[in-house]
Amino acid sequence: MQPLPTISNIDPLLVDAMDKQCRASPELAAVADRRDYYLYKPKLAAFLVARDLDLTKAMEMWKGWLEWRETNKPFQTTFDQIKNEYYSGKVSILGRDKQGNIAITFKARRHHPKESSPQHILQFIFYLLEKVEDRTINEGRFQIVFINDREGVSMGNVDTGFLSMAKDLVVKIGRA
């Protein structure tokens, strides 16, 4: 029985083939900056893993991701735009897990839907993920750990608007 593919055990030649196709793609040619980010080999490997090492499907997913990023520009969010969500204490970067990966904790009991629009929450999540991902890339890491702390959660913390928006986003990304 063969082991499941992971980012660390993919054939480097397959990642190189994807890198070559990405570099030749018109989608990348249209990007003015952040080209290195879009060609980060562990990220390319992650697309391959997500699509069962099928290069064609991984390229389709990569193109959809690049298009989404360039359209929505999550990397342009500033701290001033998300500071209320940040100071709410609902999300913390607590340090590292045993393998040294950055650990993010979401405390659902501190989320109050009437105080935050689904769009602001999404913007906050993307801001945090951008910052954490930049850090992991600088450290040569490939993974983060997300902990969903549901202690003390009540129905007042449930945000159906955000859940609906998140579901639509996941479905859209999954089609890419």
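Colleague: What makes Asp149 and Arg109 a salt bridge?

Modeller: A salt bridge is a side-chain nitrogen of Lys or Arg within 4 Å of a carboxyl oxygen of Asp or Glu. The side chains of Asp149 and Arg109 meet at 3.4 Å, N to O, so the pair qualifies. The pair joins distant parts of the chain, 40 residues apart: Asp149 lies in strand 3 (residues 144-149) and Arg109 in the loop between strand 2 (102-107) and helix 7. Helices (H or I, at least four residues) and strands (E, at least two) are DSSP runs, numbered from the N terminus.

Colleague: Why is Asp149 called buried, and why is Arg109 called partly exposed?

Modeller: Buried means under 20% relative accessible area, exposed over 50%, and partly exposed in between, with a 1.4 Å probe and protein chains only. Asp149 has 18% relative accessibility and therefore counts as buried. Arg109 has 27%, so the label is partly exposed.

Colleague: What are these values based on, and how far can they be trusted?

Modeller: This is a predicted model, in which local features need pLDDT of at least 70 and side-chain atom pairs count only at pLDDT 80 or more, while totals for chains, interfaces and linings use all residues. Residues are numbered from 1 along each chain as its sequence is written, and side-chain values use heavy atoms, with hydrogens and water left out. The term pLDDT is the predictor's confidence in each residue, from 0 to 100. The protein chain averages 86, and 92% of the residues score at least 70. Among its elements, helix 1 has the highest mean pLDDT (96) and helix 8 (residues 160-175) the lowest (70). Where pLDDT is low, the predicted coordinates should not be read in detail.

Colleague: How many salt bridges are there by the rule, and what makes Glu133 and Lys43 one of them?

Modeller: The count comes to 10 salt bridges. For Glu133 and Lys43, the closest N and O atoms are 2.2 Å apart, so the pair meets the cut-off.

Colleague: How do you know whether Trp65 is buried or exposed?

Modeller: Its relative accessible area is 17%, so Trp65 is buried. Trp65 sits in helix 5. Contact means heavy atoms within 4.5 Å. Leaving out residues up to four places away in sequence, Trp65 touches Tyr37, Tyr38, Lys43 and Phe47.

Colleague: Why is Arg69 called buried, and what does Arg69 touch?

Modeller: Arg69 has 2% relative accessibility and so counts as buried. The residue belongs to helix 5 (residues 55-72). With residues up to four places away in sequence not counted, Arg69 touches Arg34, Tyr37, Tyr38, Pro74, Phe75 and Glu130. Salt bridges link Arg34, Arg69 and Glu130 in a network.

Colleague: What makes Lys73 and Glu70 a salt bridge, and why is Lys73 partly exposed?

Modeller: Their side chains meet at 3.7 Å, N to O, so Lys73 and Glu70 pass the cut-off. Lys73 has a relative accessible area of 29% and is therefore partly exposed.
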